[in-house]
Amino acid sequence: MATVTRAHPNIALIKYWGKAAGEGNVPATPSLSITLDALTTTTEVSDADTDIFELDGRPVADTKVTECLANLRRRFPVPPLHIRSHNNFPTAAGLASSASGFAALVTAIDAHCDLGMTAQARSDYARQASGSAARSIFGGFVALRGPNWHGEMLAAPADWPLKVVIAIAAAEAKAVSSSEGMKRSAATSPYYPSWVTSTAQDFDVAVTLVANRDFTGLAELAEFSCLKMHGLMLSSRPGLIYWNPTTLACMHRIRELRDSGLPVFFTMDAGPQVKAVCLPKAAPEVAAALADVGGVHEVLVSGLGDGAAPKTKADTKAATQAVNKAAGKSQ
Ligand code: PMV
């Protein structure tokens, strides 16, 4: 019997970039994110003779997956597994596929092997594989902070149903992985110490802005956090440049829309894609404006989604079909 789970990527509004010293992949700063509903990782786990990991239909040797399994096996009896994972969006292009990927994987193994983990424990294991994955265990607005460094839902999707318009500015995989990039920034950027201190302060303010549903305040602070992270990336040696000209054109367009009165702000991660976060009423106009920017391949519109969860029996069949289709198998 296979177990199928799904998880969604999340987009950080207060960014995480840099790890604390020591074991356990602990972030150097707290972060705050929103979980998206339109982008989905579906992961199917079944028993096997030896571990096999397939991503979008192709067998992949992924050290992070191997380490995640080894880490779980240090604590739980997890047999050899056949893992098949499928993303309905471009992998490793700055759309947080590792976040949804590891949230779905840990949740699938927990359900398949009946490990009885709490959401906090799943978040803890997901974080050890990919920091941002800790947040995708939860839905809506999610905080990731010490001292425990597992995700924590601050507000449910329905509490403040923002929309996110994603402009795909390039479909290829990113040049420098976030883990590599973080190491480089911590080791070489003269701005790194002030990034760490000021992000902790930004996080505290953001928690209050979310509690007050203060869109204007959050817009200003989230753009500040994003631009500050990219300033840190640029000031690393050699500098990390994740944007392309289309990214920059989208940012200017979003600023123009906001200046003309639309409630929208931008955020970008370790890739060129631009995420425009807006109030629901603004989404159609934001989507049309970004689709018109030269170089934009595609525009996706998402609401806020739930945390990682096993599929119910009713939708397991459809999910298995999606994974099979990605693998090129007949149903
Ligand atoms: O946890 P990772 O390796 O996916 O790193 C996430 C880094 C950013 O996406 C750039 C910021 C964030 O907080 O998600």
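**Reading contacts, cores and domains**

User: Which residues does G181 touch, not counting residues up to four places away in sequence?

Analyst: Contact here means heavy atoms within 4.5 Å. By that rule, and leaving out residues up to four places away in sequence, G181 touches W17, V176, L240 and Y242. This is a predicted model, in which local features need pLDDT of at least 70 and side-chain atom pairs count only at pLDDT 80 or more, while totals for chains, interfaces and linings use all residues. Residues are numbered from 1 along each chain as its sequence is written, and side-chain values use heavy atoms, with hydrogens and water left out.

User: Where does G181 lie, and is G181 buried or exposed?

Analyst: Helices (H or I, at least four residues) and strands (E, at least two) are DSSP runs numbered from the N terminus. Buried means under 20% relative accessible area, exposed over 50%, and partly exposed in between (1.4 Å probe, protein chains only). G181 lies in helix α5 and, at 0% relative accessibility, counts as buried.

User: How should I read a helix with a buried face? Which residues of α1 are buried?

Analyst: An α-helix has 3.6 residues a turn, so residues three or four places apart point the same way. In α1 (residues 63–73), the buried residues are V65, C68, L69, N71 and L72. Seen down the axis of α1, they fall within an arc of 160° (taken from the directions from the helix axis to the C-beta atoms), so they line one face of the helix. T63, T66 and E67 are exposed on the other side of α1. The buried residues of α1 pack against β5 (52–55), β7 (81–87), α2 (97–112) and α3 (119–129).

User: What caps the N-terminal end of α1?

Analyst: A polar contact is a pair of N or O atoms within 3.5 Å; within protein, one must be able to donate a hydrogen and the other to accept it, and residues adjacent in sequence count only if both atoms are side-chain atoms. The cap is D62, with a side-chain oxygen 2.8 Å from the backbone nitrogen of K64.

User: Which residues are buried in α3?

Analyst: R122, S123, Y125, A126, R127 and A129 are buried there. The buried residues of α3 pack against α1, α2, α4 (133–136) and β9.

User: How do I read a nonpolar core, and how many residues has the largest?

Analyst: A nonpolar core is a set of buried Ala, Val, Leu, Ile, Met, Phe, Trp, Tyr and Cys residues joined through side-chain atoms within 4.5 Å. The largest has 30 residues, and L13, L32, I34, F141 and I166 have the most contacts inside it. At least two residues each come from β2 (10–14), β3 (31–35), β8 (141–144), β10 (163–168), α6 (192–211) and α7 (215–234). The most comes from α7, with five residues. Domain 1 (3–155 + 312–330) and domain 2 (163–302) both give residues to this core, so it lies between them. Apart from this core lies another, of 29 residues, including A104, V106, A108 and A126.

User: How is the pairing of the domains described, and what area is buried between domain 1 and domain 2?

Analyst: The domain bounds come from an automatic or database domain assignment. The centres of domain 1 and domain 2, taken over C-alpha atoms, are 23 Å apart. The contact takes 31 residues from domain 1 and 46 residues from domain 2. Buried area is the accessible area (1.4 Å probe) that two parts lose on being put together, summed over both. Here it is about 3000 Å², with 74% given by carbon and sulfur atoms. In domain 1, I14, K15 and W17 lose the most area to domain 2, together 30% of what that side buries.

User: What is the phi of N25?

Analyst: N25 is not a glycine, yet has a positive phi of about 50°. N25 is in the loop between β2 and β3 and counts as buried at 16% relative accessibility. R213, also not a glycine, has a positive phi of about 50°. R213 is in the loop between α6 and α7 and counts as partly exposed at 34% relative accessibility.
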